[in-house]
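Visitor: I would like to go through this model and ask what stands behind each label.
Guide: Then look at the structure before you ask.

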Amino acid sequence: MLIDEIKKANIEAMKNKDVVARGIYSVLLNKFMLEGIKKREKGEEVTDADVSNIMQKTIKELNEEKENYLKVSNAIEAEKIEGQIKIIEKFLPKMMSREEIAAVINSLDDKTIPSVMKHFKLNYNGKCDMRIVQEVLKGMQ
């Protein structure tokens, strides 16, 4: 499972005394544990797609934080955050391109927005950005 790889990388970061990597792994592991608690309350298990979603949300948060540091001309902190983003991106699955998304949409019988979005959420969760799916779909109509 994806979270196991992150735990191993966290241990390596501890051994190597890599403070930046260690920090971001701790954030991811904490978010994973919170998600696990929410899922267990519902009687569900945490999947790799959930872990992938957690990482994508964390990247979005880090990008916002980086932008704020750049606004106040703090390039050093922005650079650290960029390094954290790259660390997380190593674990993310390859995201689908616009062409791959368009090919999947073309193969569907029902190309209505709710139907297409539901199909991608069920079958490609964590492998595509739902905003891009929506953009590609609207561009096809």
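**Labels and their grounds**

Guide: Serine 73 has a relative accessible area of 67%, and the cut-off for exposed is over 50%, so serine 73 is exposed. The model is a predicted one.

Visitor: Where does serine 73 lie, and what is its phi?
Guide: Serine 73 sits in the loop between H3 and H4. Its phi is near 60°, a positive value in a residue other than glycine. Most residues other than glycine have a negative phi.

Visitor: Why does lysine 17 count as exposed?
Guide: Its relative accessibility is 71%, and exposed begins over 50%; therefore lysine 17 counts as exposed. Lysine 17 is placed in the loop between helix H1 (2–15) and H2. Lysine 17 has a positive phi, near 55°, and is a residue other than glycine.

Visitor: Why is glutamine 84 called buried?
Guide: The value for glutamine 84 is 17% relative accessible area. Buried means under 20%, so glutamine 84 is buried. Glutamine 84 lies in helix H4. Leaving aside neighbours within four places in sequence, glutamine 84 is in contact with Val20, Ile24 and Leu62.

Visitor: Which residues of H4 are buried, and what do they pack against?
Guide: The buried residues of H4 are Ala78, Ile81, Gln84, Ile85, Ile87 and Ile88. They pack against H2 and H3.

Visitor: How do you know that the span of helix H4 agrees with its number of residues?
Guide: Helix H4 covers residues 75–89, which is 15 residues. At 1.5 Å a residue the helix should span 21 Å, and its end C-alpha atoms are 21 Å apart, so the two agree.

Visitor: What makes lysine 39 and glutamate 44 a salt bridge?
Guide: The N to O distance between their side chains is 3.3 Å. The rule asks for a nitrogen within 4 Å of a carboxyl oxygen, so the pair of lysine 39 and glutamate 44 meets it. Lysine 39 is buried, because its relative accessible area is 15% and the limit is under 20%. Glutamate 44, at 37% relative accessibility, counts as partly exposed.

Visitor: Which residue forms a salt bridge with aspartate 50?
Guide: Aspartate 50 forms one with lysine 39, the closest N and O atoms being 3.4 Å apart. Aspartate 50 lies in helix H3 and lysine 39 in helix H2, so the pair ties together parts that are eleven residues apart in sequence. Both aspartate 50 and lysine 39 are buried. Lys39, Glu44 and Asp50 are linked in a network of salt bridges.

Visitor: How many salt bridges are counted by this rule?
Guide: The count is eight. One of them joins glutamate 77 to lysine 80, with the closest N and O atoms 3.4 Å apart. Both residues lie in helix H4, three residues apart, about one turn of the helix. Glutamate 77 has a relative accessible area of 25% and is partly exposed; lysine 80, with 41%, is partly exposed.

Visitor: What lines the largest pocket?
Guide: The space in the largest pocket is about 580 Å³. Its lining has 23 residues, and the closest to the centre are Asn53, Ile54, Gln56, Lys57 and Lys60. Helix H2 (19–42), helix H3 (48–71) and helix H7 (130–140) are the elements that give two or more residues to the lining. H3 gives the most, with nine residues. By class, the lining has seven nonpolar, five polar and eleven charged residues.

Conventions. Residues numbered from 1 in each chain as written. Predicted model: local features only at pLDDT ≥ 70, side-chain atom pairs only at ≥ 80, totals over all residues. Heavy atoms only, no water. 1 Å grid on protein atoms, 1.4 Å probe; cavity = no way out; pocket = protein on both sides within 12 Å on 5 of 7 lines; lining within 4 Å. Points joined across faces, edges and corners; volume = space filled by probe spheres on them. Helix = DSSP H or I, 4+ residues; strand = E, 2+ residues; numbered from the N terminus. Nonpolar A, V, L, I, M, F, W, Y, C, P; charged D, E, K, R; others polar. Expected span 1.5 Å × (residues − 1). Buried < 20%, exposed > 50% of the residue type's maximum accessible area, 1.4 Å probe, protein only. Contact = heavy atoms within 4.5 Å.
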